[in-house]
Amino acid sequence: MGSEVIIIPIIFGVIFGIYYLYISARNRERLALIEKGAEASIFYSKNKWVTPIWKVIVINLALLLMGIGIGIFVAAMLHYNLGVDEEVAYPGTIFLLAGIGLFCGFYFTKKLNKDA
């Protein structure tokens, strides 16, 4: 019972830690560039034709969910038709096809940014 209570603060602590490291590393990098005499304009893109973030999120989320759905379908086929253990078929195919979906989303996003 006590382990459930400690998991939520750990999750929030990890999220805070990642955010803090991101902000502090960005700050150190900018200070180092200022010490070298670099301009602040390198932090801002001159190209305003960047794909909106909502399109990137929608494409990646759609491909992730499609990968999970196809993974469940393929796992059921493996389990019922080929006799693969359920404990092996479901997690393996779901993670494999979800990863393939995210990989495809990466390339689609790259293509969207190139076309924009």
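Predicted model: local features only at pLDDT ≥ 70, side-chain atom pairs only at ≥ 80, totals over all residues.

I started at tyrosine 107, which is partly exposed because its relative accessible area is 40%. For this I call a residue buried under 20% relative accessible area, exposed over 50% and partly exposed in between, with a 1.4 Å probe and protein chains only.

Next I looked at the ring of phenylalanine 106 beside tyrosine 107: the centres are 5.1 Å apart and the planes stand at 75°, so this pair is edge-to-face. My rule pairs rings of Phe, Tyr and Trp (its six-membered ring) if their centres lie within 6.5 Å; planes under 30 degrees apart are stacked, over 60 edge-to-face, and the rest tilted. Phenylalanine 106 is partly exposed, at 45% relative accessibility.

By this rule I get three aromatic pairs. Another of them joins phenylalanine 103 and tyrosine 107, and it is edge-to-face because the centres are 5.0 Å apart with planes at 80°. Both residues sit in helix H3 (residues 86-115), four residues apart, about one turn of the helix. I noted Phe103, Phe106 and Tyr107 as one aromatic cluster.

**Ground rules**

Residues are numbered from 1 along each chain as its sequence is written, and side-chain values use heavy atoms, with hydrogens and water left out.

**The whole chain**

Of the 116 residues, 12% are buried. The accessible surface comes to about 9500 Å², with 73% of it belonging to carbon and sulfur atoms; I take accessible areas from the Shrake-Rupley method with a 1.4 Å probe, and for residues only the protein chains shown count as cover.

Phenylalanine 108 lies in helix H3 and is partly exposed at 44% relative accessibility. Leaving out residues up to four places away in sequence, phenylalanine 108 touches Ile59 and Leu63; contact means heavy atoms within 4.5 Å. I also checked its C-alpha atom against that of valine 56, 52 residues apart along the chain, and found 8.7 Å.

Threonine 109 is in helix H3 too. Is threonine 109 buried or exposed? It is buried, with a relative accessible area of 12%. Its side chain reaches the backbone oxygen of glycine 105 at 2.7 Å. I count a polar contact as a pair of N or O atoms within 3.5 Å; within protein, one must be able to donate a hydrogen and the other to accept it, and residues adjacent in sequence count only if both atoms are side-chain atoms. Threonine 109 also touches Val56 and Asn60, not counting residues up to four places away in sequence.

**Over to helix H1**

Serine 24 lies in helix H1 and is buried, with a relative accessible area of 14%. A polar atom of the serine 24 side chain lies 3.3 Å from the backbone oxygen of leucine 21.

My last stop was isoleucine 10, in helix H1 (residues 2-36), which is partly exposed at 49% relative accessibility.

Terms used
Helix = DSSP H or I, 4+ residues; strand = E, 2+ residues; numbered from the N terminus.
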